[in-house]
Amino acid sequence: MTTKQTEVAIIGGGLSGLACALRLHQAGATCVVLEAADRVGGRIGVTVDDRGQTIGDLGPTWVWPPAQQTVSRWLDELDVQPLPQFEEGDAVVERSREEQPRRMPLPGQWGMTRLVGGPWSLVAEIEKRLPPECIKTSTPVSQIQRNGNALDVTSVDGTTTSASQVVIAAP
C-alpha cells in the first residue's frame, strides 16, 4: 500500500473539482484530484462513437455571461471565447414528433451563448493550468478515514492519499 501526502484531496474531477484544484494551486496549496473515470471532466464529456468520431458534448451547453458574472470571470481567466449567437430573425421550433417543425420569431436571449470548443474547453483550459501530478484518473475512492490530524483517502487499488482536508466534488 502506497501513501501519498497532500494538503487537500479533491474527490471528483468534474468542472467543480478542477476549479477547486486550480484555485488551491494558485493559492500555493498542494492538492490532488482523484477521479474515478479514465478522464477528467465529469458530466462534461465528449461522447465518441465506435469509429472515434466526436458525436456530442455534455454539460453546460449555454451560458449567460451578462447574468452570470462568475461564469464571465472564468471565461476571461481561461481565455474561453463565447460563440456568436443569432438573436434576431426566425427559429425552427419542433414541439413534438407528430407536429411539423415551424418557423417562429426568435426570442431575444440577452447574451446567451455557447462556447468556442464547447463546454469541454473549460475543462481543457483548467487542466492545462494544473501540474500533471495533481490529477489522478482511474482512481475511484473506496474510503475516507480519520488518521490523527489527517484524513486518509483510500482508492480501490489500495493507494492512500493523506490530506489535512478533503473536498468531495462528486454528484
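**Close-up views of a predicted model**

**View 1. Buried residues of helix 3.** In helix 3 of this predicted model, the buried residues are Ser-121, Leu-122, Val-123, Glu-125 and Ile-126. The partners against which the buried residues of helix 3 pack are helix 1, helix 2 and strand 8 (114–115).

**View 2. The largest nonpolar core.** In soluble globular proteins, nonpolar side chains tend to be buried together. The largest nonpolar core here has 22 residues. Those that touch the most other members are Leu-18, Ala-21, Leu-78, Ile-126 and Leu-130. Two or more residues of this core come from each of strand 1 (3–11), helix 1 (15–26), strand 2 (31–34), helix 2 (69–78) and helix 3 (120–129). Helix 1 gives the largest share, four residues. Another core, of six residues, lies apart from this one, and its members include Ala-9, Ile-11, Val-32 and Val-153.

**View 3. The surroundings of Ala-21.** Which residues are in contact with Ala-21, leaving aside its neighbours within four places in sequence? They are Ile-10, Cys-31, Val-33, Leu-130 and Cys-134. Ala-21 is also among the residues that touch the most other members of the largest nonpolar core.

View 4. In one of them, the side chains of Glu-77 and Arg-23 meet, at 2.8 Å from N to O. Glu-77 lies in helix 2 and Arg-23 in helix 1, so that the pair links distant parts of the chain, 54 residues apart. Glu-77 is partly exposed, because its relative accessible area is 30%, and Arg-23 is likewise partly exposed, at 36%.

View 5. Asp-90 belongs to strand 6 (residues 90–93) and Arg-103 to strand 7 (residues 102–105), and the pair, 13 residues apart, links distant parts of the chain. Are the two partners buried or exposed? Asp-90 is partly exposed, with a relative accessible area of 46%, whereas Arg-103 counts as exposed, because its relative accessibility is 63% and the cut-off for exposed is over 50%.

View 6. Lys-128 and Glu-125 form a salt bridge, and their closest N and O atoms are 3.0 Å apart. Both residues lie in helix 3, three residues apart, which is about one turn of the helix. Lys-128 counts as exposed, at 62% relative accessibility. Glu-125 counts as buried, because its relative accessible area is 18% and buried means under 20%. Through salt bridges that share partners, Glu-125, Lys-128 and Arg-129 are joined into one network.

View 7. Strands of a sheet pair through backbone hydrogen bonds, either parallel or antiparallel. The open sheet shown here has six strands in the order 9-2-1-12-11-10, and its pairing is mixed. Strand 9 (135–136) and strand 10 (141–147) stand at the edges; each has a single partner strand, so one side of each is left without a neighbour in the sheet. Strand 10 pairs with strand 11 (residues 150–155) in the antiparallel sense, over six bridges. The bridge partner of Arg-146 is Leu-151, in strand 11. Helix 1 packs on the sheet and touches strand 1, strand 2, strand 9 and strand 12 (160–168). The direction of helix 1 makes about 120° with that of strand 1.

Key: Residues are numbered from 1 along each chain as its sequence is written. This is a predicted model: local features need pLDDT of at least 70, side-chain atom pairs count only at pLDDT 80 or more; totals for chains, interfaces and linings use all residues. Side-chain values use heavy atoms; hydrogens and water are left out. A nonpolar core is a set of buried Ala, Val, Leu, Ile, Met, Phe, Trp, Tyr and Cys residues joined through side-chain atoms within 4.5 Å. Buried means under 20% relative accessible area, exposed over 50%, partly exposed in between (1.4 Å probe, protein chains only). Contact means heavy atoms within 4.5 Å. A salt bridge is a side-chain nitrogen of Lys or Arg within 4 Å of a carboxyl oxygen of Asp or Glu. Two strands pair if DSSP finds at least two bridges between them. Axes are lines fitted to C-alpha atoms, for helices over the stretch in contact, and angles run from 0 to 180 degrees between N-to-C directions.
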